[in-house]
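Me: I would like to learn how to read a structure. Please take me through it one feature at a time.

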Amino acid sequence: MRRSWKNGLSAVLGAALAAVGLATVSATLVGTASATAAPAAPGGYTWKNAAIVGGGFVPDVVFNEGAKNVAYARTDIGGMYRWNQAAGSWTPLTDWVGWSNWNQQGIVSIAADPVQTNRVYAAVGMYTNSWDPNNGAILRSTDQGSTWTATALPFKLGGNMPGRGMGERLMVDPNDDAVLYMGMPSGHGLWKSADYGVTWSQVSAFPNVGNYVQDATDTTGYLSDNQGVTWVAFDKASGASGAPTKTIFVGVADLQNTVYESTDAGATWTRVAGQPTGFMAHKGLVDPSGATLYITTSNKGGPYDGSSGDVWKYAIASGTWTQISPVKSSDTANDSYGYAGLAIDHQHPNTIMVTGYSSWWPDTYLYRSTDGGATWTNAWAYNGYPTRVDKYTLDVAASPWLSWGNNPSPPEETPKLGWMTEGLAIDPFDSDRMMYGTGATLYGTTNLTAWDSATGKVKISVMAQGIEETAVNDLVSPPSGAPLLSALGDLDGFRHTDLTKVPALMFQSPNWSTSTSLDYAEANPNDLVRVGNGSSTVNSAAFSTDDGQNWWTASAQPSGVTAGGTVAMAADGSAVVWAPTGGAVSYSTTFGSAWTASTGIPAGAQVRSDRVNPKKFYGFAATTGTFYVSTDGGKTFTASAASGLPTTSANFHAVPGTEGDVWLAGGSASGAYGLWHSTDSGATWTKLANVTQADNIGFGAPAPGHTTKALYTIAQIGGVRGIFRSDDYGASWVRVNDDQHQWGNIGAAITGDPRVYGRVYVGTNGRGIVYGDLTGGSTSTSSTSSTSSTSSTSSSPSTTPSTTPSTTPSTTPSTTPSTTPSTTPSSGGGCHVTYTKASEWGGGFTANVTVANTGSKPWTAWTVGWKFPGDQKVTSGWNATVTQSGNTVTAVNMSYNGAVAAGASASFGFQGTWTSNDTSPTAFTVNGVACT
């Protein structure tokens, strides 16, 4: 499915390598999944997804060719997953990605090591233009993605850029798995690592950095970026185990020069003679025998465009190209799409499959050949237009909404086989298992060879269980009825009556693809309003009077509306105030049959309703930091005299049950930033001193023994970024997520459940709706967070990319440990320190340190000390406060990792500089006592 909330940017450069001046890039530690995992909050939280299953583009599936049942899936904005064979579902691998490195949820490419099969790599980054403030990285894991380290790149990568379905760009040499290649976008060429991805350098001999751009006139840099070097394929048979593979093919986004070859292990490269022109190769694979290179081509970069293409095979020994297209580009009567998905059956190398990825109507095309492309069969065929005969059955019980509620006319069917079908893979150990990604889900089968029988039917079903890839714009949890309703990008939104079950359909009548905001009447939760991105024929507001079970489209709307904006419903449902994108803030008392412009409030302001007084509405204009109030049902607004509020993005909400009680979260590191509270309808505000930054606020059921609502915020408190709860109305806070549950950009939506104390719903930008429940234990709060991630003062990532990069994150922690270390080890016994240099480059390095409690008693705090034998200087640290005096270094635990049980360990890291000597220290102390 086209992600309209982001790909709609098509209606509208990474950093230059020469400017960086680096031949080798350093490795940098990122959030590891076990070594530096912080403990959960007091009482503990269990996190799950509100079940939707799928919901976004899956560009590719990668099977490990050296180990059975090891497979990975990549998404464009929602991270990476590993297949769990026993459960028949996917396990997320990048939920540790946090606020400051949110771009690493964009997965550009995955490479699975076929030799050391626990090794896996991922190239990550979200955008190559200014919307992403961060450079890309190569993640590497030795435990199938359970923990990661990273090599930072000196330029950006784009998991959500045009051309993201091509690849795989990242590949491991199957004969010498220390060697990896990566094709880069934006003119950065082909890069190579010879040390398992730790360091990388550009392959200077590679002659073509690519030249294809989707739209050279796009001034945002999104459509005008060079899609670059797009895939790497090794001819394993040309080499021997333990030595680099000799013959390597590389694809380039260049309509005239799309395939290059090296026959000397990458030392020299040449354009493959006789190759097709006028198209670019989306995929390239060499068959297991090493005889043939197959490529699928299109005249566009995809994943949603492409009107022509071909499939070719190249006989490596003879240098002969043969066109094997199921439908040739020269067949102008039938050629209307490009080819992308490509798979070879390793058990039967003459069996190949390709996809017509850019066919949207009447369906996508899946082609299969058992004779090396001489003949093909499609998954469906006409038996006298428009009648279709399908070689498959399609089971969408796991995601019944995939029907979209449609009732199309033949030859279109519902549910469809898909669209944007760029990625397709056959299990190298099982000829019957195949998976392919679409714009909305991941499908697969376990009886693929039934295709080859004249009467056989392939049983295709949803295989996206565990993948949750929706982008969330708004969430509400009313006091009665369905516990959760959502406004989503692409899927419009859902009414969840059971969080563990997938709803039968997304919102209907209308279905806009994207909903932007919704609200309910606090005193009558059956009444709801939602707004979204309508069209010239479908208005952009809708109403329900039965708890969201049925909706109708507003019969009128304000003039100039271009998108949904925000909406608020009066506490008794008597009026609605709507701030649409492109139109004036307006109100309706007739369920949308007529709208009148409100006065006194600027267009584009965010609007909310008071949850008690049905005549009272609020507005906030982030451009000026001005708060507004209406006491006549939204007809007129008056600006508050309050000053000092944020003048950038902010979110505010009124508290149920108390008139005039409003909380506002927002700002940026370059100005006012934090959490504000008003008890007089916004006339005056108090900024909470204990909240450094905040980006959204929600309310839930009070804690036992309390009368005030539990507060939930996405914030930085005590130097820690996370999700926090307050049971005492902001006097103290406890972090409820942990370092392994951060989900990247989570600023758009958060709300508590008014019926279940402790439950919080969080909207992510690509990982769906996550919710947390208390798992028992203490419910007491503390004045600081109980768990931590690396602190950051970066500007908040927006749910739609901003046009300017956010502030660079701080390189030093903003907190000091809350527990004072004792002067002697509290373990009463031994310790062991492991110092590992993670990376080194000219003038700089990073190191990881693990301190283990080898004694018999637990520690409550620790201080690690050492002296540098060289001229190193510490510049920043994470998971500890690291200071230096002369050559003496002291690292003190943070508040969340000071407790170390006997036999357990804690880890931290730091970055530093050096001039002439970077020799690692060998002697360490913990709390003043020498360690082994």
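Me: What should be known about the model before reading it?

Reply: This is a predicted model, in which local features need pLDDT of at least 70 and side-chain atom pairs count only at pLDDT 80 or more, while totals for chains, interfaces and linings use all residues. Residues are numbered from 1 along each chain as its sequence is written, and side-chain values use heavy atoms, with hydrogens and water left out.

Me: What is the mean pLDDT of the protein?

Reply: pLDDT is the predictor's confidence in each residue, from 0 to 100. Its mean over the protein is 90, and 89% of the residues reach 70 or more. In residues 1-43 the pLDDT is below 50, and the model gives this stretch 145 contacts (heavy atoms within 4.5 Å) beyond near neighbours in sequence. Residues 777-829 also have pLDDT below 50, with 147 contacts beyond near neighbours in sequence. Where pLDDT is low, the predicted coordinates should not be read in detail.

Me: How much space lies in the largest cavity, and which residues lie nearest its centre?

Reply: On a 1 Å grid over the protein atoms alone, a cavity is a set of points where a 1.4 Å probe fits but cannot get out; lining residues have an atom within 4 Å of a point. Grid points are joined across faces, edges and corners, and a volume is the space filled by probe spheres set on the points. Here the largest cavity holds about 350 Å³. Its lining has 25 residues, with V476, Y520, R611, H653 and T751 nearest the centre.

Me: Which strand gives the most to that lining?

Reply: Strands are DSSP runs (E, at least two residues), numbered from the N terminus. β53 gives the most, with 4 residues. Strands that each supply at least two residues include β34 (472-476), β53 (693-700) and β57 (749-752).

Me: How does the lining of the largest cavity divide by class?

Reply: Ala, Val, Leu, Ile, Met, Phe, Trp, Tyr, Cys and Pro count as nonpolar, Asp, Glu, Lys and Arg as charged, and the others, Gly among them, as polar. The lining has 13 nonpolar, 6 polar and 6 charged residues. For the second largest cavity, of about 150 Å³, the lining divides into 8 nonpolar, 6 polar and 4 charged. G158, M161, P162, R169 and P185 lie nearest the centre of this second cavity.

Me: Which peptide bonds are cis, and which residues have a positive phi?

Reply: Most residues other than glycine have a negative phi, and most peptide bonds are trans. The bond from G302 to P303 is cis, with omega near 5°, and P303 sits in the loop between β20 (292-298) and β21 (311-315). From T414 to P415 the bond is also cis, with omega near -5°. Y196, not a glycine, has a positive phi of about 60°, and Y729 has a positive phi near 60°. Y729 is in the loop between β55 (720-726) and β56 (734-735).

Me: In what order do the strands of the open sheet lie?

Reply: Strands of a sheet pair through backbone hydrogen bonds, either parallel or antiparallel. Two strands pair if DSSP finds at least two bridges between them. This open sheet of 4 strands has the order β11-β12-β13-β14, with antiparallel pairing. β11 (170-172) and β14 are at the edges with a single partner strand each, so one side of each lacks a neighbour in the sheet. β13 and β14 are joined by 2 bridges, and W191 has Q202 in β14 as its bridge partner.

Notes: On a 1 Å grid over the protein atoms alone, a cavity is a set of points where a 1.4 Å probe fits but cannot get out, and a pocket is an open set with protein on both sides within 12 Å along at least five of seven lines; lining residues have an atom within 4 Å of a point.
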